[in-house]
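Hello,

Here is the structure I promised to pass on. Have a look at it first, and then read my notes below.

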Amino acid sequence: MTIIESFQAIADKNARILVLGSIPGIRSLQDQQYYAHPRNQFWPIICKLLSINPDSAYVERLNKLTLSGVALWDVMKRCRRPGSMDSDIDFTSVVINDFDSFFESHGKIEAILFNGATADKIFNKHYYSEAFTEKIKRYRLPSTSPANAAMSFEQKLENWRVLPELLNRRLQESQ
């Protein structure tokens, strides 16, 4: 079984929302880009919700995402998995990312948006901090993966609208 390694977090110190996937698929690993599979709906959804040009280069999309106050990472640092399916993960091999250090250096995080059930389940199984659970809201959103074909793009988009709502709520509170 292949050992999969995740990417570094994409975040700046002002990040307020953390989007967490499970771990990159084969295409993402090949391209060294989050959500690189052409049928993954993450970038089309994010671009629509945050008014990012979907034709812009990957680096520019990441820049706009971080400028919006959004950080991007995966729950797992490493695991064994053949292929790209979360259902094929050897859950006994899971090593999660260092969230203690991440939250310490990104103290403005107010919410986590889990991109799918696997990310949510693994995070909740392997990471617990009492201070964390009181401070940061968590939302399980439908996976943007092509494997989640039961939901249409429009249904996924509607669920993901929580992202700009959270960003806008904070802006309104500070005015």
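Which helices each supply at least two residues of the lining of the largest pocket? They are helix 1 (26-31) and helix 5 (117-126), with helices taken as DSSP runs of H or I, at least four residues long, numbered from the N terminus.

Before the rest, some background: this is a predicted model, where local features need pLDDT of at least 70, side-chain atom pairs count only at pLDDT 80 or more, and totals for chains, interfaces and linings use all residues. Residues are numbered from 1 along each chain as its sequence is written, and side-chain values use heavy atoms, leaving out hydrogens and water.

A pocket is an open set of points on a 1 Å grid over the protein atoms alone, where a 1.4 Å probe fits, with protein on both sides within 12 Å along at least five of seven lines; lining residues have an atom within 4 Å of a point. The largest one holds about 560 Å³ of space, the volume being that filled by probe spheres set on the points, which are joined across faces, edges and corners. It has 30 lining residues, and Asn-40, Ser-84, Asp-86, Ser-145 and Pro-146 are the closest to its centre.

There is also a largest nonpolar core of 50 residues, in which Leu-18, Trp-43 and Phe-103 have the most contacts. Such a core joins buried Ala, Val, Leu, Ile, Met, Phe, Trp, Tyr and Cys residues through side-chain atoms within 4.5 Å; buried means under 20% relative accessible area (1.4 Å probe, protein chains only). Helix 2 (residues 42-50) gives the largest share of this core, seven residues.

Finally, Cys-47 is buried at 4% relative accessible area, and Cys-79 is buried at 1%.

Best wishes
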